[in-house]
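Take a look at the protein below.

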Amino acid sequence: MVKITKSTRSLFLSCGSFSLSFSLSLLFPCCAFFAFVFFLSLLSRCVCACVCVRVSVCLERPDLRLGVLFPSQPQVFFSCSHVLTLFPLFIITSSFNSVCCIGAGYVGGPTMAMIALKCPHIEVTVVDLNQQRIDAWNSDNLPIYEPGLDEVVKACRGKNLFFSTDCEAAIRAAQCIFVSVNTPTKKTGLGKGKAADLTYWESAARNIAAWSTSDKIIVEKSTVPVRTAEAIEKVLLRNCPQEGVHFDILSNPEFLAEGTAIDDLTMPDRVLIGGKIENDRGTAACAALCEVYANWVPKERILTANLWSAELSKLTANAMLAQRISSINAISALCECTGADVSQVSFAIGKDSRIGPKFLNASVGFGGSCFQKDILNLAYICECHGLQEVADYWYSVVGMNDYQKTRFVRRVVSAMFNTIRNKKIAMLGFAFKKDTGDTRETPAIDVAHGMIEDGAKIALFDPQVPEEQVRMDMGEEAMKSITCYSKPTEALKDAHAVTIMTEWDEFKTYDWRAIYEVMHKPAFVFDGRNILDHAHLSEIGFIVYALGKPIDPFLKSAEGA
Ligand SMILES: NC(=O)c1ccc[n+]([C@@H]2O[C@H](COP(=O)([O-])OP(=O)(O)OC[C@H]3O[C@@H](n4cnc5c(N)ncnc54)[C@H](O)[C@@H]3O)[C@@H](O)[C@H]2O)c1
């Protein structure tokens, strides 16, 4: 007969407590937490009971059954079940549930929206000094164009995702603060034109120090020079008026690419978290951030490293990616001289598993806010360490990019009989790549300036870039030679030539036969992204220049003229 001992009684008690609290929680939602605790308690006691039964079977002691096992030591049963109850509670309460991000830009906005989506138990507040940007994040017209972003933001905004300009309140409330402010290239002073400008980072750090009243984990999301965390720690420690507040600094560089940010964030190749893993606090801070990502990123893709390795990895990744583009662009120039086709060359070498196929498309050059600034920054750091040869190696990657843009403009001018004065040149695309409206460092800026210098009239169309943005990038003087159109047909009508600056998919679907009809003859296409069907265009009658492809005989003779 089964003896009713303390252990079995506790099992029935848990069962009753759970049923009662669950029923109450249906009437009063605030009881849900207690229902959850009793559920855990019940679950853990059941697990212990099952273990008891299993042990009794293994030991072939049928007398050892639920309730008779450990009759004299019910505390063993209780200890086991309490540990099992408290463990999940510990896990839940040890991770943070309130994070804030300083900087609501291309990185801060999408990354925080993804954390909010995947971690409904975390309240995420994104703050920025720029009221207009915050208003846009709170509207139906988000400040950045990114496929899939609208849906993610709409799913959590107002629930556990908030955008605000109240930095002080957000900093005070957060347990963990991501810093995702801009770190552009310095325009003046020491290291001008090369070093990273950390003014925004330092000002964010000073605000964190001034307004923090409890311990915080500070996460570097911005791309920063190696050993920035050290400098930031000094700013935080020397400026925090509240005694006893502790800051743990982590580096968690962002590897997303604009245009594919949501996919990159949903399934990243890796998440890198750098911290002071040599001490317990650093290890715990790293573990807490790992836990956030573990809500959706497979554990084997979450990498931890020391702080300096994480900081340097981001600069190195961008420098390596840009280097691949500059390398294939260098080969594109040689292809044009030799009759080789750069697409065939990149396809052939990309099949080599040591090289791989990505980032091998020849183009008018790389752009975006990161590549150039990060390579210059990396080279500058090398210079500061007396490594001039290493610095020069990286500077040459930027130099090759500039050469490619200049070379493109030279082709346009020489092909069109060495003069483009007062000729209407349609420019399709202005963003630095497709699926983004970002124009920072876009090659289109230098190409447009180059053609304007030769007297061209530019007719510009980009599906995502508004005229005000073009005006800011080009300046008032250049805008006298630029007209922005909202329809491609208007930009192309009566044009002498078309230049493709961005690889927007829609350009491939245009009716190029109809476009040919409304253009001046000879009608030229200069494909700076190698996206169009060049054989088809030549068949229609266009004179086509494609980067790194065998040169059209018409262009060869024009060059000789
Ligand atoms: N854009 C990318 O594709 C990308 C990818 C990976 C990493 N990064 C890095 O991430 C960082 C941010 O890049 P981004 O493109 O999002 O920049 P961004 O210019 O789009 O956004 C930065 C935002 O920070 C705000 N800000 C600056 N100082 C502030 C302060 N003290 N308090 C509150 N807000 C402040 C600015 O107003 C701005 O809105 C940079 O270091 C960049 O190198 C960018």
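## Strands and their partners

Strand β10 (residues 457-461) is mostly covered, with four of its five residues buried. A residue is buried if 20 or more other C-beta atoms lie within 10 Å of its own, exposed if 12 or fewer, and partly exposed in between; C-beta atoms are placed from the backbone. Helices (H or I, at least four residues) and strands (E, at least two) are DSSP runs, numbered from the N terminus.

This is a predicted model: local features need pLDDT of at least 70, side-chain atom pairs count only at pLDDT 80 or more, and totals for chains, interfaces and linings use all residues. Residues are numbered from 1 along each chain as its sequence is written.

Which strands pair with β10? Strand β9 (residues 424-428) pairs with β10 in the parallel sense over five bridges. Here A426 has A459 in β10 as its bridge partner. Between the two strands the chain passes through helix α16 (residues 443-453), and this β-α-β crossover is right-handed. Right-handed has a set meaning: with the strands pointing away from the viewer, the path from the first strand over the helix to the second runs clockwise. β10 also pairs with strand β11 (residues 482-484), in the parallel sense and over three bridges. In that pair, I458 has I482 in β11 as its bridge partner. Two strands count as paired if DSSP finds at least two bridges between them.

Now turn to strand β12 (residues 497-500). Both of its faces are covered. A497 and T499 are buried on one side, and V498 and I500 are buried on the other. In a regular strand the side chains alternate between the two faces of the sheet. β12 pairs with β9, and M427 has T499 in β12 as its bridge partner. β12 also pairs with β13, where V498 stands opposite V525. The chain goes from β12 through α20 to β13 in a right-handed β-α-β crossover.

One more pair is formed by strand β7 (residues 271-275) and strand β8 (residues 302-306). V271 stands opposite I302 in β8. The link from β7 to β8 runs through helix α11 (residues 280-293), again as a right-handed β-α-β crossover.

| Strand pair | Sense | Bridges |
|---|---|---|
| β9 and β10 | parallel | five bridges |
| β10 and β11 | parallel | three bridges |
| β9 and β12 | parallel | four bridges |
| β12 and β13 | parallel | four bridges |
| β7 and β8 | parallel | five bridges |

## The whole chain

How many helices and strands does the protein chain have? There are 22 helices and 14 strands. The chain has 561 residues, and 43% of them are buried. Two residues are in contact if their C-beta atoms, placed from the backbone, lie within 7 Å.

## Around the ligand

The ligand is surrounded by 27 residues. The closest are G103, G105, Y106, Y200 and S222. A residue is near the molecule if its C-beta atom, placed from the backbone, lies within 6 Å of it. Helix α8 (residues 199-211) gives the most to this shell, with three residues. The shell divides into 12 nonpolar, 11 polar and four charged residues. Ala, Val, Leu, Ile, Met, Phe, Trp, Tyr, Cys and Pro count as nonpolar, Asp, Glu, Lys and Arg as charged, and the others, Gly among them, as polar.

## Confidence

The pLDDT is the predictor's confidence in each residue, from 0 to 100. The protein chain averages 90, and 84% of the residues score at least 70. Over residues 66-72 the pLDDT stays under 50, and the model has 22 contacts there beyond four places in sequence. Residues 88-93 also have a pLDDT below 50, with two contacts beyond near neighbours in sequence. Where pLDDT is low, the predicted coordinates should not be read in detail.

K521 and P522 are joined by a cis peptide bond, with omega about -5°. P522 is in the loop between α20 (512-518) and β13 (524-527).

F359 is not a glycine, yet its phi is positive, near 60°. F359 sits in the loop between α13 (342-350) and α14 (371-384). Is F359 buried or partly exposed? F359 is partly exposed, because 16 other C-beta atoms lie within 10 Å.

N422 also has a positive phi, about 60°, and is not a glycine. N422 lies in the loop between α15 (388-415) and β9. N422 has 10 C-beta neighbours inside 10 Å, so N422 counts as exposed.
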